[in-house]
Amino acid sequence: MNTMGLLVFDGLLLFSIVGLAWASLATTDVRRGVILFMAFGLLLAVAWGRLLAPDVALAEAAIGAGLSGALLLAAVHRQPRPLSPGATHDSLYRSAAAVSMVVRWVVTLLSAALAGTLAWGLLHAFSSTPQDMLPRAIAENLAASGVSNPVTAVLLNFRAYDTLLELAVLLTSVLGIFSLGPATPGYQPAGPIFDGLVRWLVPVLILMAGYLLWVGAHAPGGAFQAGATLAAAGVVLRLAGRARIGLPEGFALRIVMTAGVSVFLLVGLTLLLLGRPFLGYPPAWAGALILLIETAAMLSIAATLLLAFLGGQPESTGVKAAANRQREEISRC
Amino acid sequence: MNWDAWLPVLVVASSLLPGLVIFFLSEGSHRLRTALNLAGAILKLVLVGILIWGVFHEHVYESRWTLAPGLELVLHADTLSVLFVTLSTVLWLVTTVYAIGYLEKAPHRSRFFGFFSLCVSATVGLALAGNLFTFVIFFELLTLVTYPLVAHRGTPEAVRGARIYLAYTLGGGMLLLIGTVWLHVLAGPTAFVEGGILSSLPAAYHPQLKIIFLLLIMGLGVKAALVPLHGWLPQAMVAPAPVSALLHAVAVVKAGAFGIVRVVYDVYGVNFTDQLGLLTGLGIAAAITIVYGSVMALFQDNLKKRLAYSTVSQVSYIALGTAILGPIGTIGGIVHLVHQGIMKITLFFTAGNYAETLGIHKISEMNGVGRRMPATTLAFSIAALGMIGVPPVAGFVSKWYLGLGALEAGMAAWVMPVLITSSVLNAAYFLPVLYRAWFREPGPAWPAEHIPAARFETSAALLWPPVITATLALAAGLFAAAPYSPLEWATLIAHREYGL
Amino acid sequence: MTDAMIGLIALPLAGALATLLLPRSATAVAIGTGLATTVAAGLLLSGVATQGALHYEIGGWSAGLGIALRADGLSALLLMMTALVALAASVYASAYFNTASERARFWPLWLLLWTALNALLLSGDLFNLYVTLELLGLSAVALASLSGRRAAVAAALRYLLVGLLGSMMFLAGVSLLYAGYGTLDLAALSHMVAPGPSAWTALALMTTGLLLKTALFPLHFWLPPAHASAPAPVSAVLSALVVKAAFYLVLRLWLDVFATVVTPAAANLLGLLGAGAVLWGSWHALQAERLKLLAAYSTVAQLGYLFLFFPLLLALPSGPARDLAAGGLVMLALTHGFAKAGLFLAIGVIQQRCGHDTIRQLDGTAQRLPATTFAIALAGVALIGLPPSGAFLGKWQLLAGAVETGQWLWLVVTAVGSLLAAAYIFKVLGHAFGHRPYPNQPVTVAREEWPALLLAGMAALVLGLSGAPMWKLLELGI
Amino acid sequence: MLTTQILYALTGCMIVALGLRGALLHASVLQRIVAINVMGAGVFMLLIAVAYRGPGLPPDPVPHALVLTGIVVAVSATALALALVRRLHAEQEDD
């Protein structure tokens with residue numbers, strides 16, 4: 001692929017990405033917007049591949065386009081009638097039609113100005129000599145990190161604290177979803193063809209998740225991509241109307257949800273007790289510890305993403321998910 | 001522990017601690033509350049006695065506490081602060097007795113006496129303040145703790161009056177704060193030093209110092225009820241009698257006047273203030289207030305309103321005294337701080353008695369009250385005559401020194417007419433009341449006779465305080481030359497201020 | 001002492017997991033964790049006071065490669081305040097939520113919020129700050145929508161969307177800095193950042209993002225409904241801590257990282273926005289019909305004061321005068337934290353006892369709950385900035401700085417703001433005087449009123465009178 | 001190849017602008033959530049463009065890790081937002 005061919009490819013790819021983004025946002029029909037957004041996500045994954053970022057491409061395809069798309073489509077599907085503007089409109093932005101042209105122009109100019117300054121700052125940053133201090137440091141310490149894939153090394157060793165907090169973010173969002181009400185009603189059982197597809201697809205997805213988890217140590221993959229694939233298996237089962245989608249019940253469910261964060265924290269603290277810095281894996285043990293953490297993380301990521309898709313705690317569990325929230329009793333004065 | 005550093009703190013704490021305890025007492029425990037109040041008052045009196053003896057013998061009492069680098073809470077007892085502390089302590093004791101009698105069956109007494117003690121602590125703290133920063137802190141605290149007292153009754157007028165009071169005093173407090181900060185930036189932490197510290201500043205600062213002086217005086221003027229800023233005083237008369245007595249005759253109004261004296265003598269220095277040409281401005285404002293207050297008092301039928309306007313004019317005598325350059329004028333001004341306090345509190349006590357015993361609120365209802373309540377009306381007459389300036393009551397002494405000071409400072413041209421007209425006006429609004437009380441036939445029945453005429457004309461706790469303060473006013477006039485009398489102490493202050 | 005830093009993050013996170021796994025004993029576990037975290041905060045504060053700024057590299061990797069935790073005077077003080085306010089609010093919450101299912105849902109999110117606050121105040125790495133900001137935003141939104149009522153959910157949704165916009169802008173700024181200087185470590189960046197288009201754009205983007213999260217004047221529309229509709233302990237922590245953490249970041253960026261890039265003109269713009277916030281917030285607080293809205297608008301106003309310090313700190317030459325102004329800023333921030341938390345908790349008591357918090361019908365309540373009214377009065381004193389409170393010292397330094405640098409506008413704005421604050425606080429307190437007899441016992445609901453009283457007392461009395469050692473501690477910070 | 005990096009970075013800026021415009025203008029909450037996700041994708045493109053060193057050379061792994069974390073954070077925020085929207089619909093039916 002000579003440089004001219006690459007340039008054409010890039011041009012085509014970027015033009016379609018921007019086109020899809022614009023189309024997805026310009027339409028007033030939410031369903032059409034969501035579907036275009038999913039296409040945008042997939043093309044984005046291709047772009048990451050083009051920029052030699054395979055790990056991110058996998059994650060983008062699985063989580064960015066896949067799961068976000070699924071969540072959005074489920075939300076659009078559940079939306080009874082176009083949300084009356086009165087419900088959640090801000091006092092500043094009335095429904096699209098009523099917004100005067102002035103506001104549209106002002107906002108467009110504002111965003112264009114933001115893009116301009118961002119580009120101006122970036123060009124200035126690129127013009128100065130690229131600082132390769134960090135990549136070199138990673139290359140030197142890669143041997144001591146216990147994994148050979150640099151991205152996994154950064155995610156789970158050098159910047160392990162970020163990943164710990166990120167898992168906490170995931171846990172927080174699911175706890176927030178739980179507090180907002182019961183899960184959505186299921187889907188009607190799938191027809192024979194879809195059922196057949198599911199019978200084949202789910203085992204492959206589970207196998208792929210295991211592979212992705214294992215391969216993450218030395219090639220693109222890792223806990224996030226594996227977790228997302230596992231969640232995808234659950235989503236497919238849910239769409240096929242199956243009652244049991246592999247999620248444990250009650251206390252076990254809570255164990256799986258918190259597995260990622262608690263294993264991470266336990267490893268970190270035990271290392272601290274052994275005199276090592278917090279989350280400072282001894283080089284000899286680094287590989288094994290990272291795999292242990294990644295397995296736990298995969299399980300909790302899969303569980304949390306699936307629960308997010310379900311929209312709450314599955315009904316059949318023991319916890320009293322009351323149908324509607326009983327109001328707080330406030331004693332009269 | 002070294003006694004010198006802790007005495008000022010103890011003086012302030014002797015009313016602060018009982019106050020805090022009283023807050024949490026339940027309504028029912030009268031005896032404990034009364035005991036705490038009186039114990040606090042007597043303890044403070046004893047401590048102040050030691051203070052007077054110490055300061056008289058050039059003994060230094062000072063306690064410091066740093067709030068932030070460059071900002072120190074300083075309590076320093078010098079001659080001027082001791083004068084105001086003694087006045088507050090004596091009158092607080094008397095007023096507590098009066099208040100216990102006055103609020104016999106009223107609700108919320110724990111809250112009342114709690115804030116009452118806090119208010120006295122703020123006043124004493126303000127008097128003992130060693131620098132302008134501490135003064136401002138206690139000045140604002142005074143506003144804060146007097147608001148609930150003014151609004152104590154809870155009636156819509158009381159809450160409205162309290163809100164007006166708050167608006168004025170917080171506005172004034174903000175001006176004072178800005179002036180103090182500005183001065184702090186120019187001249188660093190401004191301690192109160194006899195003779196003032198600002199004269200050493202370079203001439204370039206003089207215009208700024210003039211603006212700062214204006215800000216400070218306006219901030220203090222709100223509480224000292226100088227004319228444009230006096231609006232809150234008549235409104236605050238909705239407060240119960242002991243509150244009007246102590247607060248508007250002694251604590252709040254005097255705090256403003258005391259502040260003006262401090263700023264002129266111990267921050268700027270009286271000669272430097274005159275050099276900046278600010279004294280005449282202050283004098284004119286005081287003169288206008290004196291005349292305005294007296295004129296307005298003429299038209300008030302409500303007894304407490306008339307006394308309120310009389311307070312407005314009388315307090316400005318102190319400001320007038322500070323505006324008269326020279327020791328004699330200063331003595332006149334400072335001694336009036338004490339005399340006016342004693343006389344005015346008697347008047348408010350007696351007004352409270354009339355209201356509480358016979359339900360009299362208006363002067364038109366006071367016909368022949370002398371026959372029904374001779375002792376109270378006698379006290380009222382002594383104090384009223386003192387206000388007019390009739391010897392031998394204390395008021396005469398201060399007016400005499402003010403006049404003498406004006407002559408000595410060559411400002412007699414406009415000060416004497418002001419003194420004369422105001423005395424005439426005082427007579428014009430007090431003598432008819434006396435005539436109506438003594439020589440008119442009483443009406444068929446009193447508006448609302450709560451307390452029947454038993455052995456005394458009213459309950460003991462209501463009767464004795466005005467009698468005591470009336471005798472004090474008389475004594476301050478008769479024994480003016482005695483050692484430790486207010487006049488002697490004022491002379492000592494003036495000599496130390498002028499470095500004689 | 002560096003273990004205290006790890007403790008401050010690990011303890012609440014472990015607590016959150018424990019309360020999620022053991023819902024029945026959640027309250028006991030949560031209060032226990034809260035106490036332990038407060039002890040850790042105390043240890044850290046004493047550590048910083050004795051040994052100066054502390055520094056900890058997570059995983060043992062050197063700065064830049066790994067993530068560094070930093071604790072200097074400013075962050076140690078804010079951590080101590082966070083711990084005290086959160087502990088008091090936890091005690092309050094244990095009595096506020098009366099159904100077991102609510103408590104089981106509340107505690108894990110509450111401790112995750114606490115983790116996010118501690119992690120943010122300790123973090124010394126730009127991207128780590130982005131993750132903590134997100135964790136903070138999400139847990140705050142989840143808590144705000146806990147009651148499930150329509151108003152709360154709608155306000156929480158808008159809060160989330162605004163928060164996401166803010167985070168995205170912050171991340172854009174982070175990517176710019178990484179493109180230009182190749183590192184994410186704050187300390188390294190503060191030496192490398194030089195004035196230039198990429199630095200200005202990054203600063204502008206990150207500041208806009210953070211201003212969205214701090215709800216500074218033009219971008220404040222989401223705060224009042226969100227804070228007013230959240231449950232009482234949540235709105236206390238939202239107003240006192242969450243918005244302040246975002247302000248702490250703006251302060252850290254402007255005075256530490258971008259110290260060489262920041263221009264007086266930019267600082268004056270921040271000052272103007274702050275002045276707008278003071279006037280707009282105070283005016284709307286005065287018009288508010290409900291106590292919680294009044295407190296929320298008061299938050300918008302009080303944050304305006306904190307932004308007034310920026311033009312002063314830029315104009316003052318570095319030296320004792322600047323340290324005093326910085327000390328005043330921190331004192332004002334701490335006092336507002338305590339006072340606003342106390343105020344919201346007290347309002348919660350009134351709302352729970354009466355079912356409403358409309359100011360006009362407050363008469364009966366204010367007289368029947370003397371301890372709550374006293375807490376509101378103390379908190380009010382601190383919000384206005386009247387003496388014994390810490391805010392008085394803070395406003396004194398603000399006025400002194402304004403006079404010294406000749407920027408009179410800030411002086412006038414502070415004066416008008418304080419008087420407006422007095423107006424709306426005493427509008428509420430006016431209802432405390434009536435003729436209904438007082439109950440014999442001043443405290444009616446001990447576990448709810450004591451936290452409010454202690455927090456308000458801390459702001460109005462303790463900080464004001466014993467604030468002196470704080471200034472020495474700050475020499476190490478800004 | 002410098003031009004690829006700049007090309008993708010500029011596209012990233014454009015996508016950020018589109019996302020911001022959509023987020024501020026749309027009234028329907030769902031479309032606003034989509035717009036915010038698009039804006040996030042734009043910022044991620046900036047990061048990945050910054051990491052790109054040229055066709056043959058190994059890219060800088062740090063921005064990749066950051067974007068991975070960013071994607072997961074974005075999806076959790078979207079999930080919570082959608083749950084809030086669903087709750088709002090449920091409340092709308094009640095009253």
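What percentage of the contacts in chain B with a separation of 6 or more comes from residues 24 or more positions apart? The share is 81%. Two residues are taken to be in contact when their C-beta atoms, placed from the backbone, lie within 7 Å.

The structure is a predicted model, in which local features need pLDDT of at least 70, side-chain atom pairs count only at pLDDT 80 or more, and totals for chains, interfaces and linings use all residues. Residues are numbered from 1 along each chain as its sequence is written, while chains are lettered from A and ligands numbered from 1 in the order in which they are written.

Chain B holds 19 helices and two strands. Helices (H or I, at least four residues) and strands (E, at least two) are DSSP runs, numbered from the N terminus. The radius of gyration of chain B is 21 Å, close to the 23 Å that the globule rule gives for 500 residues, so chain B is as compact as a globular protein of that length. This radius is taken over C-alpha atoms, and the globule rule is 2.2 Å times the number of residues to the power 0.38. The C-alpha trace of chain B spans about 70 × 55 × 45 Å along its principal axes. Of the 500 residues in chain B, 61% are buried. A residue is buried if 20 or more other C-beta atoms lie within 10 Å of its own, exposed if 12 or fewer, and partly exposed in between; C-beta atoms are placed from the backbone.

B:Leu246 sits in helix α9 (residues 241–268) of chain B. This leucine is buried, because 29 other C-beta atoms lie within 10 Å. Neighbours within four places in sequence aside, B:Leu246 is in contact with B:Leu91, B:Trp92, B:Thr95 and B:Ala251. B:Ser88 is 158 residues from B:Leu246 in sequence, yet their C-alpha atoms are 8.5 Å apart in space.

Some backbone geometry stands out. Most residues other than glycine have a negative phi, and most peptide bonds are trans. B:Ala225, not a glycine, has a positive phi of about 55°. B:Ala225 lies in the loop between α7 (206–224) and α8 (232–235) of chain B. It counts as buried because it has 29 C-beta neighbours inside 10 Å. In chain C, the phi of C:Ala215 is also positive, near 60°. C:Ala215 occupies the loop between α8 (197–214) and α9 (223–229) of chain C. With 29 C-beta neighbours inside 10 Å, C:Ala215 counts as buried. The peptide bond from B:Pro391 to B:Pro392 is cis, with omega near -10°. B:Pro392 belongs to the loop between α15 (374–388) and α16 (394–408) of chain B.

Chain A is divided into domain 1 (8–80) and domain 2 (149–317), with bounds from an automatic or database domain assignment. Their C-alpha centres lie 23 Å apart. The contact takes 12 residues from domain 1 of chain A and 15 residues from domain 2 of chain A. On the domain 1 side, nine residues are nonpolar, one is polar and two are charged. Ala, Val, Leu, Ile, Met, Phe, Trp, Tyr, Cys and Pro count as nonpolar, Asp, Glu, Lys and Arg as charged, and the others, Gly among them, as polar.

Chain A also meets chain D: 77 residues of chain A are in contact with 64 residues of chain D. On the chain A side, the largest share, 13 residues, comes from α3(A). That side divides into 53 nonpolar, 15 polar and nine charged residues.
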